[in-house]
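I am opening my notebook on a new protein chain. I will look up one thing at a time and write down what I find.

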Amino acid sequence: NALGFALAAQNNYKTAIRHYRLALEAKPDYPVALNNLAFALEKQLKQDEAKETYEKVLALDSGNKTARKRLKLLVGVAGVSEASTK
């Protein structure tokens, strides 16, 4: 996750995504890595996959403010279904 975060900070989202996925293979229920992955997916214009990833975060931690905020923004921008943001 840390390497993915460093790569994302350099706008290298494609490689960051690969490292977030590796982190999630080791710990699939890691909300921080899931949030970071979803944000990188947004930057790669993969809104549907980002939405699904934020929803996974909320399934693990319904009070996760980052996922809730990003999902609402994503819904507003992309016109993605609002059902999961409530």
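**Entry 1: the overall picture**

I counted the elements, and the protein has five helices and zero strands. The model I am reading is a predicted one. From the N terminus on, I read the order as α-α-α-α-α.

Next I looked up burial. Of the 86 residues in the protein, 38% count as buried. The accessible surface comes to about 5,200 Å². Carbon and sulfur atoms hold 52% of that surface.

I also checked contacts between residues at least 6 apart in sequence. Of these, 35% join residues at least 24 apart.

**Entry 2: helix α3**

I picked helix α3, which covers residues 31-43. I asked what span its 13 residues should have at 1.5 Å a residue.

Which residues of α3 are buried? I noted A33, L34, N35, N36, L37, A38, A40, L41 and E42. I kept a general rule beside this list. An α-helix has 3.6 residues a turn, so residues three or four places apart point the same way.

**Entry 3: how α3 meets α4**

Helix α4 covers residues 47-60. How do α3 and α4 pack? Their angle is about 165 degrees, and their axes are 8 Å apart. Angles over 145 degrees count as roughly antiparallel. That is why α3 and α4 are called roughly antiparallel to each other. The crossing of α3 past α4 is left-handed.

I then listed the residues that make this contact. From α3 they are P31, L34, N35, L37, A38, F39, L41 and E42. From α4 they are E49, A50, T53, Y54, K56, V57 and L60. I compared this with my burial list for α3. L34, N35, L37, A38, L41 and E42 are in the contact, and L34, N35, L37, A38, L41 and E42 are also buried.

I wrote down the background before looking. Most residues other than glycine have a negative phi.

N11 is not a glycine, yet its phi is positive, about 60 degrees. N11 sits in the loop between α1 and α2. Is N11 buried or exposed? Its relative accessibility is 57%, so N11 counts as exposed.

L45 is also a residue other than glycine, and its phi is a positive value near 60 degrees. L45 follows α3 and lies in the loop between α3 and α4. The relative accessible area of L45 is 65%, so L45 is exposed.

**Entry 4: A2 and H19**

I ended with a pair of residues. A2 belongs to helix α1, residues 2-9. H19 belongs to helix α2, which covers residues 13-26. Along the chain, A2 and H19 are 17 residues apart. How far apart are their C-alpha atoms? The separation is 8.5 Å.

I looked up the exposure of each residue. A2 has 63% relative accessibility, so A2 counts as exposed. H19 has a relative accessible area of 18%. Buried means under 20%, so H19 is buried.

What does H19 touch, leaving out residues up to four places away in sequence? I found N1, L3, G4 and L7.

Technical notes. Residues are numbered from 1 along each chain as its sequence is written. This is a predicted model: local features need pLDDT of at least 70, side-chain atom pairs count only at pLDDT 80 or more; totals for chains, interfaces and linings use all residues. Side-chain values use heavy atoms; hydrogens and water are left out. Helices (H or I, at least four residues) and strands (E, at least two) are DSSP runs, numbered from the N terminus. Buried means under 20% relative accessible area, exposed over 50%, partly exposed in between (1.4 Å probe, protein chains only). Contact means heavy atoms within 4.5 Å. Accessible areas come from the Shrake-Rupley method with a 1.4 Å probe; for residues, only the protein chains shown count as cover. The expected span of a helix is 1.5 Å times one less than its number of residues. Axes are lines fitted to C-alpha atoms, for helices over the stretch in contact, and angles run from 0 to 180 degrees between N-to-C directions. Angles under 35 degrees count as roughly parallel, over 145 as roughly antiparallel, 65 to 115 as roughly perpendicular and the rest as oblique. A crossing is left-handed if the near helix is turned anticlockwise from the far one by less than a right angle, and right-handed if clockwise.
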